[in-house]
Amino acid sequence: MTAPATPDLTGRTALVTGASSGIGLPTARELARYGAHVLLACRGELKAAAALDHIRRQVPAARVDFVRLDLADLASVRTLAASLTDRLDGLDILVNNAGVGMISRQVTADGFEMQFGTNHLGHFALTGLLMPLLQARPGARVVTVSSDNHTEAALDFDDLHAERRYGRNVQYARSKLANLLFALELHRRARAADLPLLSLAADPGVTATDIGVLPRPVTLLMRLFLKSPDQGALPSLYAATSAEARSGEYYGPGPKRCTPGDNALDESAAARLWEASEKLTGVHFATLPSRGLPPAETNL
Ligand SMILES: NC(=O)c1ccc[n+]([C@@H]2O[C@H](COP(=O)([O-])OP(=O)(O)OC[C@H]3O[C@@H](n4cnc5c(N)ncnc54)[C@H](OP(=O)(O)O)[C@@H]3O)[C@@H](O)[C@H]2O)c1
């Protein structure tokens, strides 16, 4: 894999969820540096304003805007999608980056377990509702951020919201497995429908951010050994922009192509998760067939 040339995204529109901090902020900043109009989809206006400020200082020519999104509230996801559908004529890049991790059990506005609800169901609904805008731009890319720790997980379809048994790490790993199952299933369904949509997944690698907050001395010590958020953003940026990146692939630190765990390649689990996600969110990907096909070896 050769080093990516600086892409020219002039005239393109990108949306990055969770762009207020962590890995999402440099992801949004670099997409803006490449010339895209970048929408920072964040839940808090103050943090978003600081993020916009940071980007405008680093990239004076940046075209960046804040759009409000709380992935833990389907009404907010629907409101944003409706307003973007009114305002935009297409969307070229969607980076499903936002996430919460390793928290005590909480529920979203819709009663979903918070990690599964925010990390997977919120992004599932957002992507489904933005499909008309994505389809308006042939070659549009959806990048979904997963994690290496998905390999440790197995979905419990009888207890997706971990009501019977909750473990903060287990449920985070499940949400990251759901992210990867979704990205690969979206790829298969887009291919089966002959849609020029690319769906890719990324793993930032272990990165010093606020996720899974640890006691301060531990965090400070760990920061010496972990990737910076700028480094953590590279796999997402590669998936979102490189001419060499392929739909249906998973990119990790390097950036280089990674092999998903066997659990993420389970197509019947992916189809089952898709059906459950449609039922829970009420969002249907109207233009896609109901079942996936085997993974492709070539790009769309
Ligand atoms: N850091 C790592 O080592 C690592 C490793 C593998 C994968 N990842 C993945 O990388 C992604 C980014 O995480 P990070 O490490 O950058 O963590 P982070 O610093 O905690 O950033 C998470 C971002 O998600 C946003 N967010 C959380 N809940 C949200 C909601 N309900 N609606 C909208 N936005 C919400 C946060 O917004 P606020 O600013 O408002 O809180 C923040 O901008 C996640 O998907 C994570 O699972 C991280």
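Predicted model: local features only at pLDDT ≥ 70, side-chain atom pairs only at ≥ 80, totals over all residues.
In which handedness of crossing does helix 4 pass helix 5? The crossing is right-handed.

Two packed helices are described by the angle between their axes and the distance between the axes. Take both for this pair. The axes of helix 4, residues 114-135, and helix 5 come within 7 Å. They cross at roughly 20 degrees. Angles under 35 degrees count as roughly parallel, so helix 4 is roughly parallel to helix 5.

Now look at the residues that touch. Helix 4 brings Q115, F116, N119, H120, F124 and T127 to the contact. Helix 5 brings R168, Q171, Y172, S175, K176, A178, N179, F182 and L186. Sort these residues by class. Six are nonpolar, seven are polar and two are charged.

Stay with helix 5, which spans residues 168-192. One of its residues, R188, forms a salt bridge with E267. The closest N and O atoms of this pair are 4.0 Å apart. Where does E267 sit? It belongs to helix 9, residues 267-281. The two partners are 79 residues apart, so the pair links distant parts of the chain. E267 has 23% relative accessibility, so it counts as partly exposed.

How many salt bridges does a search of the whole structure find? It finds 10. Some of them share partners. Such salt bridges join R29, E30, R33 and D230 into one network.

E30 forms a salt bridge with R29, and their closest N and O atoms are 2.7 Å apart. Both E30 and R29 are buried. R29 also forms a salt bridge with D230, with the closest N and O atoms 3.2 Å apart. This second pair links distant parts of the chain. R29 is in helix 1, residues 24-33, while D230 is in helix 7, residues 229-232. The two are 201 residues apart. Why is R29 called buried? Buried means under 20% relative accessible area, and R29 has 7%, so it qualifies. D230 has a relative accessible area of 40%, so it is partly exposed.

Next, turn to the backbone. Most residues other than glycine have a negative phi, and most peptide bonds are trans. Here are some exceptions.

What is the peptide bond from G254 to P255, cis or trans? It is cis, with omega near -10 degrees. P255 is found in the loop between strand 7, residues 250-252, and strand 8, residues 256-258.

M102 has a positive phi, near 55 degrees, and is not a glycine. Find M102 in the loop between strand 4, residues 93-96, and helix 4. With 28% relative accessibility, M102 counts as partly exposed.

D194 is another non-glycine residue with a positive phi, about 60 degrees. D194 lies in the loop between helix 5 and strand 6, residues 197-202. Exposed means over 50% relative accessible area. D194 has 68%, so it is exposed.

The loop with M102 runs between strand 4 and helix 4. The loop with D194 runs between helix 5 and strand 6. Helix 4 and helix 5 themselves pass in the right-handed crossing.

How values were computed:
Residues numbered from 1 in each chain as written. Heavy atoms only, no water. Salt bridge = Lys/Arg side-chain N within 4 Å of Asp/Glu carboxyl O. Buried < 20%, exposed > 50% of the residue type's maximum accessible area, 1.4 Å probe, protein only. Helix = DSSP H or I, 4+ residues; strand = E, 2+ residues; numbered from the N terminus. Axes fitted to C-alpha atoms, helices over the stretch in contact; angles between N-to-C directions. Parallel < 35°, antiparallel > 145°, perpendicular 65-115°, else oblique. Left-handed = near helix turned anticlockwise from the far one by under 90°. Contact = heavy atoms within 4.5 Å. Nonpolar A, V, L, I, M, F, W, Y, C, P; charged D, E, K, R; others polar.
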